[in-house]
Amino acid sequence: MTVDRLLLSRRRALIGGGALTAAAMLARPALAASRLDDLVAAQMAKASIPGLALGITQNGRVTATRVYGLADVAHRRPVTRDSMFHIASVTKTVIALAFMRLVDQRRIALDDAIAPHLDFTILGKGASAITFRHLLMHVSGISDARYYDIDLRERGHDARLPLEELLKAYLTKGGRYAGNGNLKSAPGTTWDYSNIGYGLLGHLGSRIAGRDLRREIDEHIFRPMGLRRIAWTIADTPATLRVTPYDVVDGKVAATDPVGFPDWPAGMIRASIGDLTRLVAIAANRGMAAEQRIVSAPSVAAMLDMQRPAGLPAWLSGQGLAWQQSALGDRPLANHWGGDPGVFTMAYVDPARRTGIALLSNLSATEESRAAMKTIAAAAMGLPG
């Protein structure tokens, strides 16, 4: 079925943080807020997006959260501010934050080799030269080609394969998925987006912290920020707050199972729009969310320092630490997108204006949904579409 107009006519817009809205940057806020809602409804209908959530941050504070459509079509359950979407690869920006905290604490340096911190040896010539920066920038040389061939995603539940076992099977001599090695280029020479690379960061972070990196992030980022609707697993996401994912099958929108995968640092976080927007605020506001400093301003500058390594695809104009750069409206902005079966997500930051947005949807990325989400993102950032 195509998601019907009734779904969108029942949209609800919830505004937090006082009178500021997505349109506060524009000349006529009240009218612009209404126009934003109309634009979102039209774009959702055009792309058949069941449910969507939008958050805006300015000067470190969440100034608006707006929600639209349905978290579950069959049960007519609406998206709310507490609904927890799978944010997919936007998770990588949280992993980068965790590593910049380690840099701030002088426990590591970005250009340190990772080999001394590992409990195994990566198969491949030059592997000993891989640094933390290489992994964060997708220039480690570790290829995901074999990763996509084997597809370790599990439908309907969290992955049973532990991260460490996956890494050893993929990266070490004699490993089940290693073959002759999955290091396909010399470290630091070529851009090659790597989920396995971010899985490796998660393992490294756990070893450096002396405990599971997720618990370290929970204690030192999530809890101090008051994030209550955020989880690392499907199992830890309350059933009443889960957003049903939808895929397009034979031209029709249909419910699908959520996916779990062992490389959780690459994209397993579930979060409400408010909680994710608070995390985006850190990058948009030089390391501070509200009045709370999470990482130093130089660490945020390093994350958003865009480079153009060889192999960078044409649709990107830069690669930072997790964050990437591409055009939105008439301006190049730091951003990260995420996608898995049944979800498509975006985060954008404009540090010059200390502004950022998060955008979550429960439909797999399609040509129509990508265009719709970019149009909505540009409007929310006050840019021409």
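**Entry 1: Gly60.** I began with Gly60, which I located in the loop between strand S1 (51–58) and strand S2 (61–72). I note that the model I am reading is a predicted one. Is Gly60 buried or exposed? I recorded a relative accessible area of 5% for Gly60, so this residue counts as buried, the cut-off being under 20%.

**Entry 2: Surroundings of Gly60.** I then looked up what Gly60 touches, leaving aside residues up to four places away in sequence. I listed Ala281, Asn285, Met288, Ala289 and Ala290. I also noted Gly287, which lies 227 residues from Gly60 along the chain, with 8.6 Å between their C-alpha atoms.

**Entry 3: Helix H9.** I turned next to helix H9, which covers residues 273–284. Its 12 residues reach 16 Å from the first C-alpha to the last, close to the expected 16 Å. How many residues of H9 are buried? I found 11 of the 12, and the helix is thus mostly covered. Among them are Ile273, Asp275, Leu279 and Ala281; I had already met Ala281 as a contact of Gly60. After H9 comes Arg286, for which I noted a positive phi, near 55°.

**Entry 4: Helices H3 and H7.** Finally I examined how helix H3 (residues 91–104) packs with helix H7 (residues 195–209). I recorded an angle of about 35° and axes 11 Å apart. The crossing of H3 past H7 is left-handed. H3 contributes Lys92, Ile95, Phe99 and Leu102 to the contact, while H7 contributes Asn195, Tyr198, Leu201, Leu204, Gly205 and Ile208. I sorted these residues into seven nonpolar, two polar and one charged.

Key: Residues are numbered from 1 along each chain as its sequence is written. This is a predicted model: local features need pLDDT of at least 70, side-chain atom pairs count only at pLDDT 80 or more; totals for chains, interfaces and linings use all residues. Side-chain values use heavy atoms; hydrogens and water are left out. Helices (H or I, at least four residues) and strands (E, at least two) are DSSP runs, numbered from the N terminus. The expected span of a helix is 1.5 Å times one less than its number of residues. Buried means under 20% relative accessible area, exposed over 50%, partly exposed in between (1.4 Å probe, protein chains only). Axes are lines fitted to C-alpha atoms, for helices over the stretch in contact, and angles run from 0 to 180 degrees between N-to-C directions. A crossing is left-handed if the near helix is turned anticlockwise from the far one by less than a right angle, and right-handed if clockwise. Contact means heavy atoms within 4.5 Å. Ala, Val, Leu, Ile, Met, Phe, Trp, Tyr, Cys and Pro count as nonpolar, Asp, Glu, Lys and Arg as charged, and the others, Gly among them, as polar.
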